[in-house]
Amino acid sequence: MSYHSPTSVDQAVELLASRDDARPMSGGTDLLVQMRSGRLKPGAIVDIKGIDRAVGSRAQDGGFVIGAATPCTELLDDAALCAAWPGVVEAANLIGSVQVRNRATIGGNLCNASPAADSVPALIAAGARAVVAGPQGERIVAVEDLLAGPGWTTLGKGEFVLEFILPVREPGSADAYLRSIPRTEMDIAVVGAGINLSCDASGTITAARVALGAVAPTALLVPDAGAALIGSKLDEAALTAMGEAAKAACRPIDDKRGTIDYRIAMSAVYARRAAVIAYNRSRETL
Amino acid sequence: MSKQHIRATVNGDAVDFLCEPTTSLLNALRDELRLTGSKEGCGSGDCGACSVMLDDKLVCSCLVLAPEIDGRRVETIEGLAQDGQLHPLQRKFLEHGALQCGFCTPGVLVAAKALLERNVDPTEEETRYWLAGNLCRCTGYDKIIRAVLDTAAELRQERLPA
Ligand SMILES: Cc1cc2nc3c(=O)[nH]c(=O)nc-3n(C[C@H](O)[C@H](O)[C@H](O)COP(=O)(O)OP(=O)(O)OC[C@H]3O[C@@H](n4cnc5c(N)ncnc54)[C@H](O)[C@@H]3O)c2cc1C
Ligand code: FES
Ligand code: FES
């Protein structure tokens, strides 16, 4: 195996495209564990942390750009980002321990494509788009369209995620992410719920996106659940309708962390709780 | 596989070694540099026994590739005591009996030092969350937490104007 640390996007694409068993690496917190267990045997590791655009967060065109290889803890240092997208930042900072979060990235979290990845429902709810670099240049893809199945993305040969784009934030908008885990730290989500919504000055919800994790082969955008909130002031009827739409979208597995029935029931509970947090936050921005 | 030449600063000293590209930082520290204080409990990021500082960030050295440290700064448990003087955390761990077998201790100390450098007045809850990535099979954590909080109190005392 060889290790490469390119400093330009072109170099990284060339290295990744040059052999079938080349793998991008961001924080390595999934990749190195999978190599050690023998699940993955890459012939070349292409560490993208040396590429300027792949690290750090910045304001751009009224929204934000986050380098795909930015450690999760570094997002906490960007006060404007935390104020605009608290749900994305909190989801990324539920991952693992301090040690893990100082390395782990949202790019790796997405591309590892675990159904339970914590930052992914928050990114999908946020309407985040990924800037994908590859042999044909750059393309911009909605985060949900990069997920193909457990461990699989729709990235092509030689492609990697360079950046994430978070949209412009209107006043009255906020997001939130919550997960259910058997312990309080260091565990994998049984259910994760990301909510992003906007409301007008009267508190009526004008837009909402709901995304769920750990209840299907990939994180899910649930358009019906978002639609159930629109036009409401988050009253009981709207929350119930959203919860029912969330449950209807779940296709979970049974495992030691939770049964199918439990995950489905909890999807409504966590979506409701996250919606209340996002709604209260959105009111504070008015 | 061709070996890679790595130059870095470890505990303030310039180091220079050859390693396979797949070598973890933990193995490079232990096998190439003979710094065996950092331990391997799991090799998968779960236990924290391998905790070190990499450019002032707390990381699991088992989840860092040795070639990644080229040109960078690493601090390990071996750098904690200065000029033969134990670090206040080390003293308090002895005082409180915050270790039994000691396998987790190097990682816990490195992690606790990183906490106190950011926040010299952490609550018990903050301390427990910060150390959630450091597993201990022996102590039940209580004495570890007490030793860290007591060290923090001592450090705050030292900083009071005379
Ligand atoms: C102890 C421990 C606890 C954890 N807890 C959690 C948790 O609570 N929640 C959670 O969601 N995850 C958890 N994880 C998993 C992991 O930390 C996260 O998935 C993390 O976000 C992965 O990011 P990374 O940068 O380290 O990825 P890497 O390991 O660098 O990469 C992961 C995968 O994505 C590919 N890849 C990386 N970057 C890119 C890119 N920019 N473009 C294309 N492909 C790329 C790699 O080739 C690899 O296949 C935990 C891991 C450990 C070790
Ligand atoms: S050995 Fe690195 S975390 Fe356990
Ligand atoms: S003292 Fe034995 S593992 Fe902590």
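## Close-up views of salt bridges and a nonpolar patch

**View 1. A:R179 and A:D118 form a salt bridge, with their closest N and O atoms 2.7 Å apart.** A:R179 lies in strand β11 (residues 173-180) of chain A. A:D118 lies in the loop between α7 (106-112) and α8 (119-126) of chain A, so the pair ties together parts that are 61 residues apart in sequence. A salt bridge here is a side-chain nitrogen of Lys or Arg within 4 Å of a carboxyl oxygen of Asp or Glu. Helices (H or I, at least four residues) and strands (E, at least two) are DSSP runs, numbered from the N terminus. A:R179 counts as buried, at 10% relative accessibility. A:D118 is buried too, at 6%. Buried means under 20% relative accessible area, exposed means over 50%, and partly exposed is in between (1.4 Å probe, protein chains only).

This is a predicted model: local features need pLDDT of at least 70, side-chain atom pairs count only at pLDDT 80 or more, and totals for chains, interfaces and linings use all residues. Residues are numbered from 1 along each chain as its sequence is written, chains are lettered from A and ligands numbered from 1 in the order in which they are written, and side-chain values use heavy atoms, leaving out hydrogens and water.

**View 2. A salt bridge joins the side chains of A:R139 and A:E159 (2.8 Å, N to O).** The pair links distant parts of the chain, 20 residues apart. A:R139 sits in strand β7 (residues 137-142) of chain A. A:E159 sits in the loop between β9 (152-153) and β10 (160-166) of chain A. A:R139 is partly exposed, at 33% relative accessible area. A:E159 is buried, at 15%.

**View 3. B:E68 and A:K49 meet in a salt bridge (2.9 Å, N to O).** This pair crosses between chains. B:E68 is in the loop between β4 (57-60) and β5 of chain B. A:K49 is in the loop between β3 (44-47) and β4 (57-60) of chain A. B:E68 is buried, at 4% relative accessible area. A:K49 is partly exposed, at 21%.

**View 4. Salt bridges link B:R91, B:K92, B:E95, B:D150 and B:E154 in a network.** Over all chains, the structure holds 29 salt bridges.

**View 5. B:L86, B:L94 and B:L99 make a nonpolar surface patch of about 270 Å².** Patches are made of residues with over 30% relative accessible area and no salt bridge; like charges are joined within 9 Å, nonpolar side chains (Val, Leu, Ile, Met, Phe, Trp, Tyr) within 5 Å. Accessible areas come from the Shrake-Rupley method with a 1.4 Å probe; for residues, only the protein chains shown count as cover. B:L86 is in the loop between β5 (73-75) and α2 (88-96) of chain B. B:L86 is partly exposed, at 41% relative accessible area.
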